[in-house]
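Biologist: Please take a close look at one part of this model for me. I would like the aromatic residues, and then whatever surrounds them in the chain.

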Amino acid sequence: ATFPVTAARLTGYKHAVVDAGFDWADVPVAFVSTNARNHGADAARTLLTDYDVDSILAASDDLGFGVRDVSGDVAVTGWDDSEAAEAAGLTTVAQSLYEQGHDAARWALGTLKEIPPAAWSVRIRDSTR
């Protein structure tokens with residue numbers, strides 16, 4: 001992954017998988033050219049055909065929707081906590097873009113002396129067990 005956001009998310013997923021006791025070398029990873037629902041579906045079809053997959057960690061809600069379109073009972077997570085994710089019952093990572101912008105502006109203006117930890121949370125919904 002060369003796009004910084006994608007690379008960072010993939011690294012985070014890798015650390016969580018390894019921390020859970022799995023060998024990262026055994027985890028198939030699919031890359032897509034855009035963040036589009038149909039590309040998530042195409043990647044899921046490949047993973048489901050070529051590997052024994054029971055969970056798919058998508059790097060966006062749109063990709064997660066595509067996975068859900070074709071995945072049956074596979075656990076799926078997205079990323080972004082879009083309104084559509086809540087409506088669809090997609091488990092996802094929530095991040096406050098407002099807080100990120102607010103803190104970035106305060107840092108640039110010199111009114112923020114320390115960068116606070118990122119405000120992330122997981123919204124657990126129907127797409128995971």
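Modeller: Start with Trp-79. This is a predicted model, and in it Trp-79 has a relative accessibility of 11%, so the residue counts as buried. The cut-off for buried is under 20%.

Trp-79 has aromatic partners. The structure holds 2 aromatic pairs. In one, the ring centres of Tyr-13 and Trp-79 lie 5.9 Å apart and the planes meet at 75°, so the pair is edge-to-face. Tyr-13 is buried, and so is Trp-79.

Trp-79 also pairs with Trp-120. Here too the arrangement is edge-to-face, with 5.9 Å from centre to centre and 75° between the planes. Again distant parts of the chain are linked: Trp-79 belongs to strand 2, Trp-120 to strand 4 (residues 120-123), 41 residues apart. Trp-120 has a relative accessibility of 43%, so this residue counts as partly exposed. Taken together, Tyr-13, Trp-79 and Trp-120 form one aromatic cluster.

Now follow the chain onward from strand 2. Asp-80 lies in the loop between strand 2 (75-79) and helix 4 (83-88). Its phi is near 130°, a positive value in a residue other than glycine. Asp-80 is partly exposed because its relative accessibility is 32%. Asp-81 is placed in the loop between strand 2 and helix 4 as well. Phi of Asp-81 is also positive, near 50°, and this residue too is not glycine. With a relative accessible area of 22%, Asp-81 counts as partly exposed.

Elsewhere in the chain, a helix pair deserves a look. Helix 2 (residues 37-50) packs with helix 3 (residues 61-70) at an angle of about 50°, and their axes are 7 Å apart. The two helices are therefore oblique to each other. Their crossing is right-handed. On the helix 2 side, the contact is made by Arg-37, His-39, Gly-40, Ala-41, Ala-44, Arg-45 and Leu-48. Helix 3 supplies Asp-62, Leu-63, Phe-65, Gly-66, Val-67, Asp-69 and Val-70. By class, this contact of helix 2 with helix 3 has 7 nonpolar, 3 polar and 4 charged residues.

How values were computed. Residues numbered from 1 in each chain as written. Predicted model: local features only at pLDDT ≥ 70, side-chain atom pairs only at ≥ 80, totals over all residues. Heavy atoms only, no water. Axes fitted to C-alpha atoms, helices over the stretch in contact; angles between N-to-C directions. Helix = DSSP H or I, 4+ residues; strand = E, 2+ residues; numbered from the N terminus. Parallel < 35°, antiparallel > 145°, perpendicular 65-115°, else oblique. Left-handed = near helix turned anticlockwise from the far one by under 90°. Contact = heavy atoms within 4.5 Å. Nonpolar A, V, L, I, M, F, W, Y, C, P; charged D, E, K, R; others polar. Buried < 20%, exposed > 50% of the residue type's maximum accessible area, 1.4 Å probe, protein only. Phe/Tyr/Trp six-rings, centres within 6.5 Å; stacked < 30°, edge-to-face > 60°.
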